[in-house]
Amino acid sequence: MTDGPGQTELLGREPEQDRIARLLGGDGGGALVVCGPPGIGKSALLAWAERAASGRRVLRATGTVAELGLPYAGLHQLLRPLLDGRSGLPAGRALDAAFGRIPGSHPDLYAVAMSALELLAAAAAAQPVLVLADDVQWMDPASQQALAFLARRTASDPVVLLATHRDDGPGPMLDRSLAVVDLGPLDHRAATAVLAGTAGTLDPRSRARILDLARGNPLALHELPRSITSSLGHDLDRWPLTRRLESSFVARVGDLGAATTAALEIVALNDSADLPETLAATELLVGPVEDTVLAPAVVAGLITVDGPVVRFRHPLVRSAVRQRLAPEARRAGHAVLARVVHDQPERAVHHRAAAALHPDAVLAAELEESADRALARGAVLTAVADLDRAAQLSVEGRARRDRLFRAGVLAHDLGATADGNRLRAQFRDLVVDEDDQLRHAWLGELAATDRGGEHRVSVLLELAGRAQAIGDDALARTFLRAAALRCWNFCPDRPVGAAVVMAADRLGVADPATRAALLAHGEPVEHAQEVLALIGRARDATYDAATAYRLGHAAACVGAFGVSEELLAEAADGLRREGRLHTLGTSLVLRAWSALRRGRLEVAVSAADEGARLCAETHQPFWHACGYAAHGLVAGLRGDVDAADALISEAEAVAAPHRFAAASATILVARATAAAGQGDHERAFAHLARLHDPGFHPMHGLWSLASLADAAVACGEADAAGKILAELRPGIRATSSPAGRMNLAHAEVVLATDDEAEDRLRALASSPTWPLERHRLLLSLGARLRARGRVEESRAPLRAARDGFDALGVTPWGRRAREELRAAGEQSRSPVRDAWDDLSPQETQIAVMVAEGLSNREIGERLFLSHRTVGSHLYRMFPKLGIHSRMDLLRLAVDRGRRHP
């Protein structure tokens, strides 16, 4: 541990200790991130937790600046004690590839993290585990992301993960979905006690000055007494606390001999804590040295030496030593380290790159190869850094631009916006021809945070044309896909959508999946039939999970929700196997909306719940918001008013900074459904009518016409709804979108007052394809018959509506059907509560998978949980369902399937 020297640092930390103790004392697990400035005592809490973790196996890892560029170094340090005992784990190959133990096949980061979770869960089955990750902000990016993944999934296993993180920058472990404790300064009483234990002989004036300068920081209370009487003392008042501490350490370095200073500088530059390496590099730098050359630095309190391992007492010491190094001394240190580790090519090339002063084509090529190896291990940000340095060392201009462009694309794809913007600015300064200008424009599109709109789509179409003109069809299609997606998300039903389709024709886009996506996003109303034909052609051939996702997305955009749900289910299965959480999250959210439109609420709520969590985890605000909206809509249909409002409000909060047209539309639909469920039909109608205002989404408006008409009739706004229908443009009225045709027919017949309306209502209500709308039509028919005095005749459709709503779990509408039946002179028993309604969305998902015959391990792999977490869910589910075994669950699921086909 690196964040403080003594037990006295725990003074005043009782609340944090109690919280950690509760985690350690529980039967399950959990995660906690301790955040704060340097020296605040974060590591002291971890050291205390290690002492308090009686009976737990402890795994430790500490981040260091030197290892920031080594992919999965932190994760490897953490899991190394477990790696030899993992025989039989199905996901072990991903870890082997990530740690460079075997040639990898580009394992996704989440596949690596899932393998790590299985390894921890297996260890915890034998003995509860405590994971201590110190100074996470200095770990390599891939390890940070893997640890965040683990932290979200330790609750059901006896695995407690405690991490420390600096508070001066963002990081995956500071995500709001994780429990974070902000460690503040010690109060005056505790600070005084710490200082008394550290420097009890200080005079009162010096003691008061140090208490003022330290501001309750434990490390400062330990270190500043050494500086207060030195030549630094008069400068301390005008420096920030971190600078004061670094200067204190620098002053001590200055008191060391030349050989010890040189060795200490090598320790600061090395990407390993190996003492023999340090000694060998120091000898190459200054000549023969004694094995005890670092002893004065130990006495000065700067480092610790434990056998062959040398470490700084605190990261600020390393930072202070590195900052005092002149550029030529830094390069010389890296050069000798490269010679020492020449038999480790990956480390050697990074030290050689750090030592290089002038461009070197060979070294640049080796760094690019290192980037490729990092990508093969799933460490994308490491690859970005390697490509960036390779570009700096490139001799030839084209090679420099290619490497910068590649690095910029990778950075933006990963969401590393700051790195992406920096690389884009560097690329801009090197642009020499049309191809470079277009590539720079594409980096600009990846970085764009604007709200899109017709002008931006037009710009993208112009760029696609320019790329086609210079023969770069791949880049042209890339611009075209971006333009089409902007049409759907930001400016639907505008003339630029037709321009996207025309550009696709000019470019000769023939691949069915690509063309289907372009048409579905650009002009879904007009091209629904062609999109469905293209999807049919694509499904006749072999396709992978990514293609299934694109086809499912296209089908959803044209309202073919049966087709989209099938394709998206296929996609989700494949994406789970490949560990691709980013696309899996979007696929699940799309599947949730497809299932919703078909009245399949259990499928929808499970997909929406998981999809929203994954999209939050992978930083996709559009899909995150749509997932919450879908979940909120289900809650509204089920009559859970509070849950619906909370979920929809969360969707609004996520979407608000971006103003996505499509996400805003889904939120309006969810709000309208929740209002209708409460009987507030006027508010429901107002929400749905807004979908037909300029700037909203015509497809979502089209797919909600049935709900709009029902709400309008219930609140006396039938004329206003009729006007909306009458003003629909001819293209929408002529659409071949399956959901669109159904909604148009539903709205027209519900709003009709002619003598033939009743027959049309009966005919439309006989279709089983859209169960929710079918039972709403039956309710409408029964209510109409009763209102016309045909009471006895009204009861049959009202009974069918009641039973259908009960089967779907749509409680408010079932209640409405019972009220109509009561008015028609028939009483109804209250619906029998389904025990499955007490299950959480994730528990429902697990129950369905058990019913499909999957083992706990197979379910865990699909849901990115350990198989023991799955077992814990089952243990909690059985009492809710009144059963005792998996066989009971299977029988219950079969019986339920008969009642709810």
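User: Which helix gives the largest share of the lining of the largest cavity in this predicted model?

Analyst: Four helices each supply at least two residues of that lining: H27 (545-557), H29 (581-597), H31 (621-637) and H33 (661-677). The largest share amounts to five residues, and the helix that provides it is H29.

User: How much space lies in the largest cavity?

Analyst: A search of the whole structure finds one cavity of 30 Å³ or more. Of the residues that line the largest cavity, Trp488, Leu590, Trp593, Trp623 and His700 lie nearest its centre. The space within the largest cavity is about 190 Å³.

User: How many charged residues are in the lining of the largest cavity?

Analyst: The lining comprises 17 residues. By class, twelve of the lining residues are nonpolar and four are polar, and the number that are charged is one.

User: In which crossing, left-handed or right-handed, does H33 pass H43?

Analyst: H33 packs against H43 (residues 811-823) with the axes 9 Å apart and at an angle of about 35°. H33 contributes Thr673, Ala676 and Gly677 to the contact, and H43 contributes Pro812, Trp813, Arg815 and Arg816. By class, these contact residues are three nonpolar, two polar and two charged. The crossing of H33 with H43 is left-handed.

User: How many residues apart in sequence are the parts tied together by the pair Arg401 and Asp436?

Analyst: Side chains of opposite charge can pair when their charged atoms come close. Arg401 and Asp436 form a salt bridge in which the closest N and O atoms are 2.6 Å apart. Arg401 belongs to helix H19 (residues 397-414) and Asp436 to helix H21 (residues 434-447), so the pair joins parts whose separation in sequence is 35 residues.

User: How many salt bridges does a search of the whole structure find?

Analyst: The pair Arg401 and Asp436 forms a salt bridge. For the whole structure, the number of salt bridges found is 50.

Definitions and conventions:
Residues are numbered from 1 along each chain as its sequence is written. This is a predicted model: local features need pLDDT of at least 70, side-chain atom pairs count only at pLDDT 80 or more; totals for chains, interfaces and linings use all residues. Side-chain values use heavy atoms; hydrogens and water are left out. On a 1 Å grid over the protein atoms alone, a cavity is a set of points where a 1.4 Å probe fits but cannot get out, and a pocket is an open set with protein on both sides within 12 Å along at least five of seven lines; lining residues have an atom within 4 Å of a point. Grid points are joined across faces, edges and corners, and a volume is the space filled by probe spheres set on the points. Ala, Val, Leu, Ile, Met, Phe, Trp, Tyr, Cys and Pro count as nonpolar, Asp, Glu, Lys and Arg as charged, and the others, Gly among them, as polar. Axes are lines fitted to C-alpha atoms, for helices over the stretch in contact, and angles run from 0 to 180 degrees between N-to-C directions. A crossing is left-handed if the near helix is turned anticlockwise from the far one by less than a right angle, and right-handed if clockwise. Contact means heavy atoms within 4.5 Å. A salt bridge is a side-chain nitrogen of Lys or Arg within 4 Å of a carboxyl oxygen of Asp or Glu.
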